[in-house]
Amino acid sequence: QVQLVESGGGLVQAGGSLRLSCAASRSIVSIDTMGWYRQAPGRQRELVASVANGGTTNYAGSVKGRFTTSRDNAKNTVDLQMNSLKPEDTGIYYCNAFKRRGWRTEDYWGQGTQVTVSS
């Protein structure tokens, strides 16, 4: 089991920046992918960014060039730096930890943190 706790959300004006952090309750060395998802009102949860254990990152097209994610396996944390925020970035941001070993998978979620971008 891994408990994930997000922090750093809040209210920011368009064009501003926020940095989200996710702290894991135990080592994430064995976690294949740490990801950030968001869910806007009335919409499905979507992948925003992810970082694999080797450091490879993946971003949604809508955030490329504005968001950066990184993980620190020594500190058991993953961060999401969000710059040039837009009102459409508003939503609840969730941290995710995913691990696969053969057919067996483990999937953990944080409780989410609210990000609101005003125009």
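Cys95 is buried, with a relative accessible area of 0%. In this predicted model, Cys95 forms a disulfide with Cys22. The count for the chain comes to 1 disulfide and 6 salt bridges. Four strands also form an open antiparallel sheet.

**The disulfide**

- A disulfide is a covalent bond between the sulfur atoms of two cysteines.
- The sulfur atoms of Cys22 and Cys95 are 2.1 Å apart.
- This pair links distant parts of the chain, with Cys22 in strand S3 (residues 18-24) and Cys95 in strand S9 (residues 91-101), 73 residues apart.
- The torsion about the S-S bond of Cys22 and Cys95 is about -80 degrees, so the disulfide is left-handed.
- Cys22 is buried, at a relative accessible area of 2%.

**Around Gly110**

- Gly110 sits in the loop between strand S10 (104-109) and strand S11 (113-118).
- Its relative accessibility is 10%, so Gly110 counts as buried.
- Leaving aside residues up to four places away in sequence, Gly110 touches Leu4, Glu6, Tyr94 and Cys95.
- Gly110 and Trp36 are 74 residues apart in sequence, and their C-alpha atoms are 9.8 Å apart in space.

**The open sheet**

- The strand order is S1-S3-S8-S7, with antiparallel pairing.
- Strand S1 (4-7) and strand S7 (67-72) are the edges, and each pairs on one side only.
- From one strand to the next, the twist averages 15 degrees.
- S7 pairs with strand S8 (residues 77-82) over 6 bridges.
- Asp72 has Thr77, in S8, as its bridge partner.

**Salt bridges**

- Side chains of opposite charge can pair when their charged atoms come close.
- Arg19 forms a salt bridge with Asp79, and the closest N and O atoms are 3.1 Å apart.
- Arg19 is in strand S3 and Asp79 in strand S8, 60 residues apart.
- Arg19 is partly exposed at 42% relative accessibility, whereas Asp79 is buried at 15%.
- Asp32 and Arg101 meet in another salt bridge, at 3.0 Å from N to O.
- Asp32 lies in the loop between S3 and strand S4 (33-39) and Arg101 in strand S9, so this pair ties together parts 69 residues apart in sequence.
- Asp32 is partly exposed at 24%, and Arg101 is partly exposed at 41%.
- Asp89 forms a salt bridge with Arg38, with the closest N and O atoms 2.9 Å apart.
- Asp89 lies in the loop between S8 and S9 and Arg38 in strand S4, so the pair ties together parts 51 residues apart in sequence.
- Both Asp89 and Arg38 are buried.
- A network of salt bridges links Arg38, Glu46, Arg66 and Asp89.

How values were computed
Residues are numbered from 1 along each chain as its sequence is written. This is a predicted model: local features need pLDDT of at least 70, side-chain atom pairs count only at pLDDT 80 or more; totals for chains, interfaces and linings use all residues. Side-chain values use heavy atoms; hydrogens and water are left out. A disulfide is a pair of cysteine sulfur atoms within 2.5 Å. Helices (H or I, at least four residues) and strands (E, at least two) are DSSP runs, numbered from the N terminus. Buried means under 20% relative accessible area, exposed over 50%, partly exposed in between (1.4 Å probe, protein chains only). Contact means heavy atoms within 4.5 Å. Two strands pair if DSSP finds at least two bridges between them. Axes are lines fitted to C-alpha atoms, for helices over the stretch in contact, and angles run from 0 to 180 degrees between N-to-C directions. A salt bridge is a side-chain nitrogen of Lys or Arg within 4 Å of a carboxyl oxygen of Asp or Glu.
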